[in-house]
Amino acid sequence: DNTQKPKNKTEDSTTKDFISEARSAFKQMESEIAVRNGQIIEHDDYIYGDRLEKSLDIPIGHDATPVNWLRRTVEIHKNMFMGRGFNVVSTYDAQDSASAADQEDRARIELENKKSKEYAEQRQKLIRAVIDDNGGDAFWSALAENCSAVGNSAVKAYYDEENDKYELCEIESLENLYVLWEKDDFREAQAFAYVYQVTKSEAISEYGVPEDVETSPLGHPLDSISASSTSTSVNQVFTQPMVTILEITGIIEGWTAKDGKLVRCKVGQEKELNALIIGDKVTRLISDPKKLPKYYILPNKRQRRRPWGMSDISDAAIQINMTYVETLSDWRTHASKVNFQKFKAFGFGFDTQMPKPAARTVEYLPLSEGQDIVPLQQGDANGQDFARQMDELKEQFVRETGISRVLFDDPSVTLNSNQALLTSMKPTSDIAEAKKQLWGPVIKKIFEDALETIALHKPEIKDLVDKDEDWSLKVMWPSVMQKEDPVYQSMLLNRFNT
């Protein structure tokens, strides 16, 4: 039974100690999480929301045509990186039958090579089945887009016994994910926590917790509001009381699980566990390795000695996009005033009301007999340097984001050969190659764990994942350049002709 059911006061006290210590451990990460979440929310608002438009410095009455290049930039990076998906192949070390001592030994080696090849093919089919069961390439494309926009993507993996399949789930609300790091290089995780809040009525109806369940202030899931109002901090600012749902996976210092119960242990002797905590109750406790969920973080761009990745949309790119829209607004507003003629009309009385100026309209100025107004030289909107400013902003944007103007479908860019086209795309393809290097080991780990977990549930395929055998997985990426690259095509022809 994986459900934690306290039977006595000692056990109940142990559970409360575990919850308190686990919350305290993850609460230490709040400053790091706050910085990450601030960046996520900001980039999400600029790319998919209306923050770009609301941040523009455009006077009232000026033309306002919001042009958001940021979303298109994310789509370009996603397509260049994950537009063709990937393949995970299983390799094995074949033995050289030519070195056999005799015919019998040669036959044995050939038989072993054939067996290794069949196992490799079966492993590859299993991996393909896992990919197809979880949305195919579209799943990884969504991860790539999220990663490009906010800097990171995360995946939760577990074996679904009810549906008899291995599940890969995107953690779309990355803001709720906390990590305890194993080392100060922020590359290996000791434990993960997925934290969110629900209303008290929702917790009671959906999870069956008692009415005196411990609550937390809205927006502060790791803080606590005691069920008794007499034991609250005088400095605590209360908002709506919520119930915190906290799922912990990994190693919590000084704790392990034994026989379905939480027990203290010596530091260094902990074992991985999964605990679902609702309020102040542990409603599920798992220590069986084959049932433990696993978490993986996929960074977009790795930053030195920083725990989280970096978005393809930099602050400079956002500012350049905003300046472009403001310059476009100035140009359009100026043009609407000076590119339309104004005529003097005589014969109107002194009491004639002057017409209200209107943009992009030919106007008449009513004048009485004998009156005249010296016309103002309005000039030409094209005589200003707006066009040059906007061209420079576009150039700076594509340099900052590492994308080619060709990918924006810019008709002003003419390339006379495939080689010129590929050269212009090289900055974008370089970024895609760098992401492949980052994601490759993580994807490999995901499917190695998947094979091992499936084998624990299906002993008949245990031999396929036997670590004593010389096999490994390799992530194969289709080259961005190869299909259209004439140099690559020439290389292929030379290879076949030699």
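I started with N152, which sits in strand β2, residues 152-160 (strands are DSSP E runs of at least two residues, helices H or I runs of at least four, numbered from the N terminus). This is a predicted model, where local features need pLDDT of at least 70, side-chain atom pairs count only at pLDDT 80 or more, and totals for chains, interfaces and linings use all residues. Residues are numbered from 1 along each chain as its sequence is written, and side-chain values use heavy atoms, with hydrogens and water left out.

Is N152 buried or exposed? I noted it as buried, because its relative accessibility is 2% (buried is under 20%, exposed over 50%, partly exposed in between, with a 1.4 Å probe and protein chains only). Its side chain reaches the backbone nitrogen of G309 at 2.8 Å. Leaving out residues up to four places away in sequence, N152 touches N146, C147, L174, I297, L298, P299, W308 and G309 (contact means heavy atoms within 4.5 Å).

Next I checked the lining of the largest pocket, which divides into 20 nonpolar, six polar and 14 charged residues. Here Ala, Val, Leu, Ile, Met, Phe, Trp, Tyr, Cys and Pro count as nonpolar, Asp, Glu, Lys and Arg as charged, and the others, Gly among them, as polar. Helix α10 gives the largest share of that lining, eight residues.

Last entry: L262. I found L262 in strand β9, residues 261-264, and L262 counts as buried because its relative accessibility is 6%. I also looked up L285, 23 residues from L262 along the chain: their C-alpha atoms are 8.1 Å apart.

Definitions and conventions. A polar contact is a pair of N or O atoms within 3.5 Å; within protein, one must be able to donate a hydrogen and the other to accept it, and residues adjacent in sequence count only if both atoms are side-chain atoms.
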